[in-house]
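Please look over the protein shown here.

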Amino acid sequence: MTAWIDRPPITAAMLNPALIAAILATAADGYRKESDRAMPWPMAFIIVPLVLHRGTRQALPTSVRTHLATWTSRNPLLRAGFPPRAQGLVEPVREGVRFGLTHGALTLEGNALRGRTRRPKGFQMPDELADILRRASFVGRWLAKIDNTATVFAVLGVTP
């Protein structure tokens, strides 16, 4: 793990554990709303690269009825770039999960995560942050439609 002082400022801002914990808590909450189940924790390694990468986030479908395999076949360049992006985010995702568990944004139930999202009263969220969290909720709901976590990993070309 690289010390904060040694991280480039943009990397420290976009990959900070609090942001990643907020993304995961929002996604886990969306997953639960769609399926009435907690989100399998390995999904954390899928959700973050889907929503933090602006091009991928903007290309996500607008409906949870669009199957992941259909979406990936329509977006071959995004699908091709996903494995290295996901691999590069493994450590920040781990930090974000630890941060979320430590600060109560995430709770672990067996092998699954539950999210607890709270926004301070009067907090005006910057547009990009609002978009990231809105799409995280969508991705949580979208991935809840797929019964097998291994299917998600296989379609995106990564392994848990």
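What follows is a set of questions and answers on pockets and helix pairs.

This is a predicted model, in which local features need pLDDT of at least 70 and side-chain atom pairs count only at pLDDT 80 or more, while totals for chains, interfaces and linings use all residues. Residues are numbered from 1 along each chain as its sequence is written, and side-chain values use heavy atoms, with hydrogens and water left out.

Q: How much space lies in the largest pocket?
A: On a 1 Å grid over the protein atoms alone, a pocket is an open set of points where a 1.4 Å probe fits, with protein on both sides within 12 Å along at least five of seven lines. Grid points are joined across faces, edges and corners, and a volume is the space filled by probe spheres set on the points. By that definition the largest pocket holds about 350 Å³.

Q: Which residues are the closest to the centre of the largest pocket?
A: Lining residues have an atom within 4 Å of a point, and 18 residues line the largest pocket. The closest to its centre are Ala18, Ala22, Thr117, Arg118 and Arg119.

Q: Which element gives the most to the lining of the largest pocket?
A: Helices are DSSP runs (H or I, at least four residues), numbered from the N terminus. The elements that give two or more residues to this lining are α2 (17-35), α7 (90-103) and α8 (127-143). With six residues, the element that gives the most is α2.

Q: How many nonpolar residues are in the lining of the largest pocket?
A: Ala, Val, Leu, Ile, Met, Phe, Trp, Tyr, Cys and Pro count as nonpolar, Asp, Glu, Lys and Arg as charged, and the others, Gly among them, as polar. In this lining three residues are polar and three are charged, and the number of nonpolar residues is twelve.

Q: Which element supplies the largest share of the lining of the second largest pocket?
A: The second largest pocket has a volume of about 230 Å³, and among its 13 lining residues the closest to the centre are Phe45, Val90, Phe153, Thr159 and Pro160. At least two lining residues come from each of α3 (44-52), α6 (76-88) and α7. The largest share, three residues, comes from α6.

Q: Why is α3 roughly perpendicular to α7?
A: Axes are lines fitted to C-alpha atoms, for helices over the stretch in contact, and angles run from 0 to 180 degrees between N-to-C directions. Angles under 35 degrees count as roughly parallel, over 145 as roughly antiparallel, 65 to 115 as roughly perpendicular and the rest as oblique. The axes of α3 and α7 lie 10 Å apart, and the two helices pack at an angle of about 110°. That angle makes α3 and α7 roughly perpendicular.

Q: Which residues of α7 make the contact with α3?
A: Contact means heavy atoms within 4.5 Å. From α3 the contact takes Ala44, Phe45 and Val48, and from α7 it takes Val90, Val93, Arg94 and Val97.

Q: At what angle do α2 and α7 pack?
A: Pro17, Ala18, Ile20, Ala21 and Leu24 in α2 meet residues of α7 that include Pro92, Val93 and Phe99. The axes of α2 and α7 are 7 Å apart, and the packing angle is about 75°.

Q: Are α2 and α8 oblique or parallel to each other?
A: The axes of α2 and α8 come within 7 Å and cross at roughly 40°. The two helices are therefore oblique.
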